[in-house]
Structures are given as C-alpha cells and as structure tokens.
There are 2 protein chains.
Amino acid sequence: MALKKKPFNGMRDILPAEMQIRDYVTGVIKDTYKSFGFTPMETPCVEDIGNLSSKQGGENEKLIFKILKRGEKLKLAEAESENDLTDSGLRYDLTVPLVRFYSNNAANLPSPFKALQMGNVWRADRPQRGRYRQFMQCDIDILGEASNLAEIELILATTATLGRLGFSGFQIRINDRRILKAMAAYAGFAEEAYDSIFITLDKMDKIGMDGVKEELLQDGYPAAVCEKYLALFEKVRTNGAVCLQDMLGDYLEKEVMDSFAEIMDSVNANKEDTFELVFDPTLVRGMGYYTGTIFEIAMPEFGGSCGGGGRYDKMVGRFTGSDVPACGFSIGFERIILLLMEKGFKVPAAHKKSAFLIEKGVDGDRLNAVIAEANAEREKGRQVLMVRMNKNKKFQKEQLMAEGYEELKEFYKNPLK
Amino acid sequence: MALKKKPFNGMRDILPAEMQIRDYVTGVIKDTYKSFGFTPMETPCVEDIGNLSSKQGGENEKLIFKILKRGEKLKLAEAESENDLTDSGLRYDLTVPLVRFYSNNAANLPSPFKALQMGNVWRADRPQRGRYRQFMQCDIDILGEASNLAEIELILATTATLGRLGFSGFQIRINDRRILKAMAAYAGFAEEAYDSIFITLDKMDKIGMDGVKEELLQDGYPAAVCEKYLALFEKVRTNGAVCLQDMLGDYLEKEVMDSFAEIMDSVNANKEDTFELVFDPTLVRGMGYYTGTIFEIAMPEFGGSCGGGGRYDKMVGRFTGSDVPACGFSIGFERIILLLMEKGFKVPAAHKKSAFLIEKGVDGDRLNAVIAEANAEREKGRQVLMVRMNKNKKFQKEQLMAEGYEELKEFYKNPLK
C-alpha cells in the first residue's frame with residue numbers, strides 16, 4: 001500500500017522559506033525576553049489527561065488530542081467510554097503545563113520565576129486559513145510576583161518584542177476581571193449570570209452597543225438592568241476610566257482601581273511609540289482561570305487578537321493547595337509569522353552564501369581541494385553549498401541564485417577548463 | 001481532585017540551567033549546518049498511523065504513542081482491536097516524516113535538498129537514566145544526491161559541529177550494507193539468514209569474536225560457514241579494508257568498494273583532528289531502510305553510540321513510486337546535552353546580567369525612572385531583571401548572584417537611603 005504524502009489532517013509542513021523567518025523571529029523573541037530577565041524552560045508535549053481536563057482550559061478541553069493507553073493498561077473489552085481508553089493527551093496551551101512545572105519544581109526555581117516558554121500545542125479545531133491543529137505558542141509568565149510590576153514588565157517586554165519585529169500602530173487593550181464583575185454587579189446582574197453576560201459583552205466589537213443590548217434582553221435580563229449596564233460603558237467611552245472609580249465604589253476595592261491606573265501610567269510613561277495602551281471595559285478573554293488584569297494585542301493588519309494574557313492567581317493552588325500569584329502574556333506566534341510572510345518580510349542576511357558546483361568525475365585529489373576551499377570559507381563565516389554540477393547547468397545556476405547564492409563557483413574535471 | 005504535579009510517566013521537565021545549554025547547543029548546530037548549506041524545515045509531530053506502521057521503523061514501531069480517533073470516527077462499540085481506535089500517532093523519528101515531506105513538496109524544493117530538522121520524537125520505551133519518552137532529535141539529510149559527495153558532506157558537517165561543541169577523541173565508524181551482505185554471501189550464508197546473522201554480528205563489541213561464533217553455531221549455521229565468515233573479519237582486522245576488494249570480488253560490485261574508499265580518503269584528507277574515521281565491518285545499524293553506507297558516532301565518554309545514519313535510497317519510492325537517492329546523519333542531541341551537563345559545561349556569557357531590586361511602595365514616578373533605566377540598559381544589550389526587594393534582602397541578593405547577576409542595584413522609596 002502506498003504511503004500518504006500529505007501531512008495528517010489539519011497539520012502542515014513548514015518549508016525552508018518560512019522556516020527561515022520562524023527561526024529569525026524565534027531568535028528576536030528569545031533575545032528580547034532574555035534582556036528582560038525571562039528564562040527559557042520546557043515541559044513535555046504530553047500531559048496527564050486529568051490535568052488537561054480540569055476545567056481550566058474552557059472550550060479548548062473539547063479539542064484535546066487524546067493518547068491511547070498502552071500495553072496492559074488498555075482494556076478494550078471493558079472500555080465503556082473514551083475516557084477508559086486514554087490516560088494522556090497533547091497539551092492545548094502552555095499555561096496549564098507551566099503551572100504544573102512550577103508546582104513540581106518551585107524549590108529549584110528563583111522567586112519570582114520569570115518563565116519563557118516556546119513550544120507546539122495541539123487543538124482539534126476545524127482547520128481554516130492560517131489556523132492549524134498544531135501551532136507554536138510563545139508565552140512569558142511571572143510566578144510569585146503579587147504586585148503590578150508583573151503586568152508592567154509583561155506588557156513592556158511583549159511590546160518591545162513586537163517593536164523589534166517591525167510591528168507598530170497596534171493596541172494593547174487592557175481590562176480587569178474584577179472591574180468587569182463590579183460593572184455587572186453595579187448594574188444589578190446576579191453573579192450566576194456573569195459568564196453568560198460576558199459572552200454577550202465580548203461581541204461588542206462585532207454587534208455594537210445595540211446588538212449587545214438586544215441579546216441581553218433576549219436572554220431575559222430585565223430592561224432596567226441592561227440599560228444601567230450599557231449606560232456605564234457609554235460613560236467610560238466619554239469620560240474615560242476615571243469615572244468608574246466613584247460609581248463602582250461599593251463594588252470594587254479602591255486598591256484594584258489604583259493598581260490598574262498605576263499599570264496604565266507606568267506603561268504609558270515607559271512605552272515605545274509603536275503602540276497605544278487602551279482601557280477596554282468590554283474586554284473579556286474566555287479562559288476561566290483569569291482572576292485580575294487581562295490584556296490583548298489588537299493588530300489592525302489582522303483584524304483580531306494577536307495575543308493576550310492576564311493574571312491567574314488561583315491556578316498554582318489547584319496543584320499544590322496554596323495559591324501563588326501568577327501573570328502571563330502570550331504572543332500569537334503563528335499570526336505574526338503569517339503577517340510577516342504576507343508583508344514579504346526578508347530575514348536580514350547573516351551570512352554570505354556561495355555555491356560550489358562540481359563536475360561529475362573530478363578525481364579524489366581535486367575533490368579534496370574543493371572541500372578544503374569550502375571549509376576555509378565556512379571558517380570565515382560564509383555559507384557554502386557543495387553540489388554536483390547538473391547537465392542543465394544554466395538552469396541549476398538560475399535556481400541557486402534564486403535561493404540567494406550570490407557567488408557561484410564551478411569546478412571541472414580538468415582544472416584548466 | 002488535586003492535579004498531578006509530576007510530568008507524565010517517562011517524560012520530564014527541562015529546568016532553566018539545562019535549557020540554557022540546550023539553546024546554546026541548538027544555536028551552534030544550526031549555525032554550523034547552515035554553513036554547509038543545510039536548510040531548516042519542519043514536519044508536524046503527529047503523522048498518519050499507516051505511515052508510522054509501514055515496517056520502516058523496525059522495533060520503534062512497537063513503541064508508538066497512538067492518538068485516539070475523534071468525534072464520529074471513533075466507534076468504540078464496533079472496535080475490535082487497538083487499530084480501530086486510532087488514525088494517527090506521535091512520530092518515533094524524523095526520517096519517515098522527512099521523506100513524506102520531501103515526497104509532498106519536492107516540486108518546491110531545491111535539488112539536491114539538504115535538510116536540517118530538529119524536533120521532538122516519542123517512543124514508549126522503558127524509561128531509564130538519560131532516556132526519556134520524549135526526546136529531541138537532530139538530523140541532516142541530503143535527498144537527490146546519488147554520489148558519495150552526500151556521505152562526505154554529512155560526515156564533515158556532523159564532525160565539524162561536534163568539534164565546535166568541544167568534543168574530540170571520538171570515532172566515526174563506517175560500513176556499507178552492501179559490504180555487510182557481500183561478506184555474508186562470501187561465507188556461504190543464505191540471504192534469508194542475513195537479518196538474524198547481523199543481529200548476532202552487532203554484538204561483536206560486547207561478546208567478542210568467540211561469542212559471535214558461539215551464537216551463530218547455536219543458531220544452527222554450519223561450522224565451516226561460520227569459520228569462513230569470522231576469518232574474514234580477522235583478515236580485515238590485520239590487513240584493513242583493502243583485502244576485501246579481491247576476496248569479495250564476485251559478491252560486490254567494484255564501484256561500491258571504490259566509492260567507499262573514496263569516502264574514507266576524502267574525509268581523512270579534510271577532517272579535523274578531533275576524530276578518527278574507522279572502517280568497522282561489524283557495524284550493522286538496525287533500521288530496515290538502509291541500502292548502502294552506514295555510520296555511527298562512538299564517544300568514549302558515553303560508552304555507546306551518540307548518533308548515526310546512512311543511505312536509504314528506497315524510501316522515497318514507498319511514497320511516490322519512484323526512488324530518489326537519500327542519505328542522512330543524526331546526532332544524539334540528548335546524549336550530547338547529558339555529556340555537557342556532566343562536564344559542568346558553562347554557556348559562554350553573551351550578555352552581562354544586572355538585577356534591579358525595587359523596594360515595595362516606591363511611588364509611580366520613581367518606578368518609572370527605574371524602568372526607564374532598565375530599558376536603557378537593555379538597549380545596550382544588557383540583561384536586566386527587575387524584582388521587588390524581599391524582606392530578607394541578603395538572601396535574595398545571594399540567590400541572584402548564584403543565578404549569574406553580576407551587578408545588583410537597589411532602589412528605595414526614599415532615594416536618599
């Protein structure tokens with residue numbers, strides 16, 4: 001039976017031209033984050049299925065690639081459901097594995113621990129343009145830092161990285177889950193309703209104020225509550241975040257608002273001109289684990305989120321029994337690569353490239369001389385490709401030049417040729 | 001229920017100290033291979049189960065982590081065996097995926113295609129010291145090059161890389177599957193017996209000439225044949241490969257021996273002093289797909305193979321129907337990392353590291369000034385960690401110095417402090 005040439009359904013091969021850009025971007029990301037004191041670490045791609053299904057991953061938990069139990073553990077005849085067949089799965093994000101890692105290794109890690117993790121994750125989403133079932137994620141996280149220094153550093157480091165990759169004119173939208181809740185409480189919604197309300201609120205971008213109102217009314221919430229809620233967003237739109245302080249007074253601790261304002265001030269005072277930091281009271285972010293600040297990168301070229309993150313102070317406790325403050329920011333690596341490819345981005349040339357074309361039948365001594373010459377060039381930092389000369393030499397040389405080989409050198413059987 | 005803190009069975013977390021070495025080694029490997037004209041590419045970690053179970057992976061095919069079918073495809077009630085439950089699995093090496101990649105993309109790749117692939121692979125082996133169920137492989141391959149220029153380049157590039165990582169005093173052992181077969185044929189073994197004989201021969205290192213002889217006799221091969229066979233190895237040991245040429249004349253094409261000698265000569269003429277190239281007629285290499293030259297890295301520090309490869313001219317044909325010459329060399333990435341860790345290897349410092357300790361309660365303006373100073377330092381290429389000052393400042397500073405922060409700077413609420 002012939003083997004399958006295509007990648008497995010929903011996955012893809014990465015060709016040299018894209019790979020070159022990916023390697024370059026990875027280098028810039030690592031260098032920049034390291035300059036902010038983040039240290040690389042890694043977790044396995046496979047995690048215990050219980051950890052992956054612990055209701056922290058929201059909708060992503062429905063998209064897990066599950067791995068079959070092995071050997072005696074797999075009892076097919078007795079299996080009643082899918083869960084009986086599997087004990088592990090491919091991670092769907094890097095946050096749950098990071099927190100497991102931290103819980104397992106905290107004694108051997110600095111405090112606070114500033115982690116940089118780049119790695120593949122898998123989600124069995126319906127494949128679509130630019131979205132594949134295996135994709136790279138790139139996260140920075142600070143564990144053990146309760147103060148807003150974490151948020152400030154995460155935003156400055158992430159935006160510095162995007163700046164070095166040539167991006168500008170984007171927004172960092174910021175909100176806080178506690179502000180989100182206080183606004184809903186102030187309007188008169190019951191706490192059980194928050195999740196449903198926030199799903200609707202999250203559509204503000206697409207369906208506008210009227211659309212959100214209509215959907216809330218359809219869901220059966222009292223008109224007076226809905227109106228009071230939306231009036232609040234109207235006020236923020238005209239008067240800025242400042243007006244919330246007084247209005248939400250009874251529903252929100254002063255420290256939360258102060259700390260939020262401090263993040264805004266501090267980032268604004270230190271940020272590059274490449275982006276704008278914007279308070280967005282409609283920002284929700286789906287993951288159930290967020291407990292405080294949340295943020296998102298909005299890139300005009302992409303018409304959607306290009307990364308995001310937030311504070312999740314309760315997740316370590318799920319592993320260890322005692323909470324540790326935590327906050328993270330994830331860059332949409334695949335989207336960045338896609339944008340750079342579409343822009344026709346060229347990696348700044350690091351090395352000069354030469355190709356040595358060798359005629360078939362050159363004798364051993366001559367071949368050795370050619371190899372020695374190639375090695376000497378390589379020592380000087382040059383990239384040297386040695387290839388057999390094809391019959392259609394003209395075509396071969398055109399191809400090589402198209403691949404970026406600037407210097408082509410030919411070596412014949414007869415050195416005098 | 002509490003979540004599991006340990007990595008999934010047989011897998012492991014990689015801590016910052018090791019990760020730093022891994023990143024450094026990855027950089028050296030990529031730079032060196034690129035200087036030889038190899039181009040990075042990538043394939044998904046998940047492959048079609050049919051491709052993974054096509055009898056090319058030898059024993060590794062028994063160690064596949066299989067992935068459960070999803071949604072309607074999973075028919076648990078009707079499933080009679082494991083195979084009915086799965087349609088994909090985690091790759092156990094990078095060669096089968098590379099050849100699928102090449103078969104799928106050849107029209108968009110240069111010819112010959114010099115591929116560099118680094119990525120994780122998975123094998124459900126019994127976990128043991130230094131061997132985990134997820135590990136990094138690092139392969140270079142040349143597809144579309146029939147001549148021995150492929151072998152010469154692969155060996156020179158691989159050994160140059162090992163040299164730049166500080167390894168020396170190792171051997172590259174080389175053999176050819178065709179020589180291996182010719183020697184068995186000359187002695188009088190039947191072709192069907194080769195696989196079993198080679199499994200015994202492969203133990204020469206451990207059980208010696210007498211042990212091999214005994215095992216062959218036990219397996220029921222005629223004494224005369226066994227003696228003729230082993231006498232051949234004795235002759236090579238005393239007289240070198242040259243003596244084979246005449247003796248195997250009827251069993252081995254002259255071109256094979258000539259080409260083999262040319263590889264030896266050419267590598268020896270161009271190689272660095274860091275290693276020795278040795279013809280080893282007992283070298284077998286298990287993978288079923290090898291068709292010609294085979295080689296292996298023997299490192300005294302490791303007491304075993306630290307990588308290897310060979311020519312596999314028939315594998316592309318299994319995907320496309322027409323053969324393409326192919327040859328590859330894989331470095332034992334994890335073993336190299338283990339050796340460097342054991343040596344106490346220190347990554348050459350790229351950046352100076354400073355830590356800024358900030359007292360709790362510094363006001364916004366002062367914090368902004370500290371951030372501005374940190375960013376200015378980072379612009380200069382310095383690595384700057386900003387952290388809150390702990391109550392036990394002395395301990396915190398000791399820890400930071402242990403992590404390599406050379407300059408520690410303290411910032412207080414009251415700047416005059």
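Just after helix H12 of chain A, A:Gly344 takes a positive phi of about 70 degrees. This value, like the others in this report, belongs to a predicted model. Helix H12 itself covers residues 333-342 of chain A, and its buried residues are A:Phe333, A:Arg335, A:Ile336, A:Ile337 and A:Leu340. These buried residues pack against one helix, H1 (16-35), and against the strands S6 (134-143), S10 (304-311) and S11 (326-331) of chain A.

The strands S6, S11 and S10 of chain A also belong to an open sheet of eight strands, whose order is S1-S5-S6-S11-S10-S9-S7-S8 and whose pairing is mixed. The edges are held by strand S1 (39-40) and strand S8 (275-279) of chain A; each has a single partner strand, so one side of each is left without a neighbour in the sheet. Strand S1 of chain A runs parallel to strand S5 (residues 113-122), and two bridges join them. Within this pairing, A:Pro40 stands opposite A:Leu116 of S5.

A further parallel pairing in chain A links strand S12 (residues 353-358) with strand S13, through six bridges. Strand S13 spans residues 383-388 of chain A and is mostly covered, with five of its six residues buried. A:Ala355 has A:Leu385 in S13 as its bridge partner. Together with helix H13 (residues 364-379), strands S12 and S13 of chain A make a right-handed β-α-β unit.

| Strand pair (chain A) | Direction | Bridges |
|---|---|---|
| S1 and S5 | parallel | two |
| S12 and S13 | parallel | six |

On the scale of the whole chain, the secondary structure of chain A comes to 14 helices and 14 strands. Its C-alpha atoms fill a box of roughly 95 × 65 × 45 Å along the principal axes. Chain A has 417 residues, of which 43% are buried. Among its contacts between residues at least 6 apart in sequence, 69% join residues at least 24 apart.

The domain assignment divides chain A into domain 1 (11-169 + 300-348), domain 2 (178-272) and domain 3 (353-411). The centres of domain 1 and domain 2 of chain A, taken over C-alpha atoms, are separated by 28 Å. Contact between these two domains of chain A involves eight residues of domain 1 and eight residues of domain 2. On the domain 1 side of chain A, the residues that touch domain 2 comprise four nonpolar, three polar and one charged.

The model also holds a contact between chain A and chain B, which takes 81 residues from chain A and 80 residues from chain B.

How are the two chains related? The same surface serves both copies, as 99% of the contact residues of chain A recur in chain B.

Note on methods: Residues numbered from 1 in each chain as written. Chains lettered and ligands numbered in written order. Predicted model: local features only at pLDDT ≥ 70, side-chain atom pairs only at ≥ 80, totals over all residues. Domains from an automatic or database assignment. Contact = placed C-beta atoms within 7 Å. Nonpolar A, V, L, I, M, F, W, Y, C, P; charged D, E, K, R; others polar. Buried ≥ 20, exposed ≤ 12 C-beta atoms within 10 Å, placed from the backbone. Helix = DSSP H or I, 4+ residues; strand = E, 2+ residues; numbered from the N terminus. Pairing = 2+ DSSP bridges. Right-handed = clockwise from strand over helix to strand, strands pointing away.
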